[in-house]
Amino acid sequence: MKLHSSNGLHGSITVPGDKSVSHRSVMLGALADGVTHVTGFLMGEDCLSTIDCFRKMGVRIDVGDDHTVTVHGVGLHGLTAPTERLYTGNSGTTTRLISGILSGQSFASTLTGDASIEKRPMGRIITPLRQMGAVISGVDDKFCPLAIEPGKLHGITYTLPVASAQLKSAILLAGLYADSPTTVIEPAPSRDHTERMLRAMGCGVDTDGCRITVYPPDHLTARDVAVPADISSAAFFLVAGAIVPGSEITVRNVGINPTRDGVLEVLRAMGADLTLTNRRDDGEPVCDITVRTSQLHGTQIGGALIPRLIDELPVLAVAAACAQGETVIRDATELKVKESNRIAAMVRELTRAGADVTETDDGMIIRGGKPLHGAAFETYHDHRIAMSMAICALVCAGQSDIADDGVVAISYPDFFDALRRLGG
Ligand code: S3P
């Protein structure tokens with residue numbers, strides 16, 4: 001993909017459905033009694049991996065045109081033994097959340113994924129699931145493939161070592177199969193889509209600050225899911241609209257769950273011109289967001305904000321490179337264990353474009369305002385690095401190249417077309 005500096009992006013777009021909500025609609029729809037109609041589903045590779053895994057466990061899932069999915073629930077105890085390994089592709093969410101569900105089944109299963117998944121930390125789920133009574137093992141007890149045997153689960157109270165919704169959700173989903181309530185204590189609130197969807201399906205879930213308790217239900221009742229547009233995908237265009245001179249972009253129907261909207265808080269603190277309209281709530285709060293170009297300035301990003309914008313940090317680093325003054329990202333070591341080491345990747349690629357960036361132990365320091373120039377950018381086979389550097393390319397003098405552009409299909413298959421439609 002070749003990209004050029006832009007004179008302005010204009011128009012309105014709807015970005016694809018939320019990845020986290022799409023995964024959960026299939027998983028919980030499969031475990032519910034009744035049929036779940038999902039609209040706005042993200043047809044990205046990660047969510048298709050989730051569909052594939054549940055089909056292999058006997059769940060009928062119809063994928064319609066126009067981002068609709070119908071999940072024919074089999075009930076909490078209706079999954080059947082897969083005849084082959086469950087392959088989760090590049091998807092950490094699929095791998096970790098399914099592990100929680102599989103720990104409570106009466107059949108054995110094996111989970112495997114691509115080269116990136118085999119490097120991502122799974123010890124963090126193996127430890128609490130074993131405490132619950134799961135019979136689960138991995139390579140060196142840390143990595144995929146994971147082998148899960150039938151186990152009898154009991155409720156635990158577990159303090160998470162990191163604020164991770166994948167880890168929290170794995171434990172809560174295993175908790176559906178436990179003989180007593182399970183409590184998870186988070187260091188800071190992470191995305192709460194699992195809790196919201198479980199409650200909507202009739203399961204008892206209490207949230208008291210950072211303490212979440214799930215009460216094992218008799219059954220889950222199917223509820224239709226309207227997936228909001230993914231704020232993590234919207235973020236690319238919010239940053240583009242802020243930094244590309246002369247732009248005005250409206251992104252429609254964006255999910256603004258308070259556990260996910262840190263990117264809006266940070267862009268506002270940087271001086272971005274954002275207008276939120278048409279707010280509504282259909283299980284998840286949504287609105288339309290209009291962004292107009294403005295001069296950004298540096299800011300501090302750390303602490304409890306990090307889990308609220310973890311996937312948006314790469315593109316926020318691009319915004320920081322275009323801002324006046326210094327931006328410090330700290331408390332973000334989790335970025336090192338995403339689809340790539342996103343701290344190292346962004347420091348390297350922004351430096352390639354001429355930005356002044358220093359890697360730190362838990363983030364980076366970006367001294368913004370240096371003139372940026374086009375380059376051949378690497379993606380590290382990470383969808384969010386590819387899209388972040390594509391946005392960066394719009395403000396780089398000259399031409400940029402992204403060789404591995406197909407990787408965007410993980411979460412946003414149509415990304416480059418959407419950028420072209422806005423005038424990029
Ligand atoms: C996700 C949680 C986050 C996020 C990932 C999706 C989820 O990961 O980075 O893209 O759907 O629960 P962690 O929970 O590991 O931070």
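Visitor: By class, which residues are in the lining of the largest cavity?
Guide: Bearing in mind that this is a predicted model, the lining of the largest cavity has five nonpolar, three polar and three charged residues. Among the residues that line this cavity are Asp18, His193, Asn257, Arg260 and Glu284, together with Val21, Ile231 and Pro285.

Visitor: And what volume does the largest cavity have?
Guide: The volume is about 50 Å³, and the count of cavities of 30 Å³ or more comes to one.

Visitor: Changing topic, where does the ligand sit?
Guide: The ligand sits in the largest pocket, and the elements that give two or more residues to the shell around the ligand are α1 (19-31) and α5 (165-175). Of these, α1 gives the most, with three residues.

Visitor: What is that shell like by class?
Guide: By class, the shell around the ligand has two nonpolar, four polar and five charged residues; the surrounding residues include Lys19, Arg24, Arg191, Asp311 and Lys338, as well as Ser20, Thr93 and Ile310.

Visitor: Which polar atoms lie 2.8 Å from an oxygen atom of the ligand?
Guide: One is a polar side-chain atom of Ser164, which lies 2.8 Å from a ligand oxygen atom, and another is a polar backbone atom of Gln166, also 2.8 Å from an oxygen atom of the ligand. For Asp311, an N or O atom in the side chain is 2.7 Å from an oxygen atom of the ligand.

Visitor: How much of the ligand's accessible area does the protein cover?
Guide: On its own the ligand has 380 Å² of accessible area, and the protein covers 96% of that.

Definitions and conventions. Residues are numbered from 1 along each chain as its sequence is written. This is a predicted model: local features need pLDDT of at least 70, side-chain atom pairs count only at pLDDT 80 or more; totals for chains, interfaces and linings use all residues. Side-chain values use heavy atoms; hydrogens and water are left out. On a 1 Å grid over the protein atoms alone, a cavity is a set of points where a 1.4 Å probe fits but cannot get out, and a pocket is an open set with protein on both sides within 12 Å along at least five of seven lines; lining residues have an atom within 4 Å of a point. Grid points are joined across faces, edges and corners, and a volume is the space filled by probe spheres set on the points. Ala, Val, Leu, Ile, Met, Phe, Trp, Tyr, Cys and Pro count as nonpolar, Asp, Glu, Lys and Arg as charged, and the others, Gly among them, as polar. A residue is near a molecule or strand if one of its heavy atoms lies within 4 Å of it. A polar contact is a pair of N or O atoms within 3.5 Å; within protein, one must be able to donate a hydrogen and the other to accept it, and residues adjacent in sequence count only if both atoms are side-chain atoms. Accessible areas come from the Shrake-Rupley method with a 1.4 Å probe; for residues, only the protein chains shown count as cover. A molecule sits in a cavity or pocket if more than half of its atoms lie within 2 Å of its grid points. Helices (H or I, at least four residues) and strands (E, at least two) are DSSP runs, numbered from the N terminus.
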